[in-house]
Amino acid sequence: MIQIALRPCRPAPLHKRPRRGMLRAAGLAAALALTGGAQAQESVLGAEMAQRLQSLAQSAALASLAQPARVEVELGTLDPRLRLAPCRQIQAYVPNGAKMWGRTRLGVRCLEGERRWNVSLPLRVKVFAKAWAAVADLPAGTELTQDKLRWAEVDIAGDGGAVFGADQAPLGRTLVRTVEAGEPVRSGALKLRQWFGPGERVLVMAVGTGYAISSEGQAMGVGLEGQEVRVRFDNGRVAVGRAVAERRVEVLL
């Protein structure tokens, strides 16, 4: 189920150049006579445009989800300093590189009018799904055990890293920051694991499109979870990869 709530967010800046990756909100032909920020917000976020923005945000958010979830979209407000010229055709679009996840933005621009304009509308997309969360406030330094976690519906689109699924409970991991009661435990709140030390033999997986090649080498530094590390092969060549598991490095080709 998708729910849309219009709530104030911080204003976003004016953008001068159109971008690709748009999704049209055609059919809005009425001219907009906008003389100030409040009028701009009222006109652009009228009932018809709000419906089109809703459809755009829904489509983009659902396209990025791999599991059933409840999505809430909080539309923000336009920059109150805007002075937008009347427009006969307005288009809403997803800017290049923007993801409908967490704090993000949509584009709204004039295609046909006396003077074309292009603005950004801030929004926040909340995605509620099941993940492991804290039973009570857990301070930094806490070692996670089963009694400190519960399986609950949380906003998985928040900041701070990835959440953990049903078969990925972060048991035995140590927190590096406080996690409040009901808050999901995210990867960014956990102390990095050390998979190997300098001088140890490691398995290096070179991964490309449709294939993977493995070889052994010697670690030239500490292998911290998810961090880059250099590996020297027996032939003297050196590669840089990510420490992904116990004595294992992955190199993307």
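This report walks through a predicted model of one protein chain, from its overall build to a few single residues.

**Ground rules**

Because the model is predicted, local features need a pLDDT of at least 70 and side-chain atom pairs count only at pLDDT 80 or more, while totals for chains, interfaces and linings use all residues. Residues are numbered from 1 along each chain as its sequence is written, and side-chain values use heavy atoms, with hydrogens and water left out.

**The chain as a whole**

Of its 253 residues, 40% are buried. Here, buried means under 20% relative accessible area, exposed means over 50%, and partly exposed lies in between, using a 1.4 Å probe and protein chains only. Among contacts (heavy atoms within 4.5 Å) with a separation of 6 or more, 62% join residues 24 or more positions apart.

**Two nonpolar cores**

A nonpolar core is a set of buried Ala, Val, Leu, Ile, Met, Phe, Trp, Tyr and Cys residues joined through side-chain atoms within 4.5 Å. The largest one has 33 residues, and L53, W117 and V125 touch the most other members. Two or more residues each come from α2 (47-63), β2 (70-75), β3 (87-93), β4 (102-113) and β5 (118-134). Of these, β5 gives the most, with 8 residues. A second, separate core has 12 residues, including W195, F196, V229 and F233.

**The largest pocket**

On a 1 Å grid over the protein atoms alone, a pocket is an open set of points where a 1.4 Å probe fits, with protein on both sides within 12 Å along at least five of seven lines; lining residues have an atom within 4 Å of a point. The largest pocket contains about 220 Å³ of space, where the volume is the space filled by probe spheres set on the points, which are joined across faces, edges and corners. Its lining includes V204, I213, F233 and R237. Strands β8 (201-208), β9 (211-219) and β12 (238-245) each give two or more residues to the lining, and β9 gives the most, with 3. The lining divides into 8 nonpolar, 3 polar and 1 charged; Ala, Val, Leu, Ile, Met, Phe, Trp, Tyr, Cys and Pro count as nonpolar, Asp, Glu, Lys and Arg as charged, and the others, Gly among them, as polar.

**Some residues to look up**

| Residue | Relative accessibility | Class |
|---|---|---|
| P68 | 79% | exposed |
| R247 | 46% | partly exposed |
| T178 | 43% | partly exposed |

P68 sits in the loop between α2 and β2. P68 and A129 are 61 residues apart in sequence, with their C-alpha atoms 7.3 Å apart.

R247 belongs to the loop between β12 and β13 (248-252). Most residues other than glycine have a negative phi. R247, although not a glycine, has a positive phi of about 50 degrees.

T178 lies in the loop between β6 and β7 (194-196). Beyond its neighbours within four places in sequence, T178 contacts L138, P139, A140 and E183.

A polar atom of its side chain lies 3.0 Å from the backbone nitrogen of V127.

Technical notes: Helices (H or I, at least four residues) and strands (E, at least two) are DSSP runs, numbered from the N terminus. A polar contact is a pair of N or O atoms within 3.5 Å; within protein, one must be able to donate a hydrogen and the other to accept it, and residues adjacent in sequence count only if both atoms are side-chain atoms.
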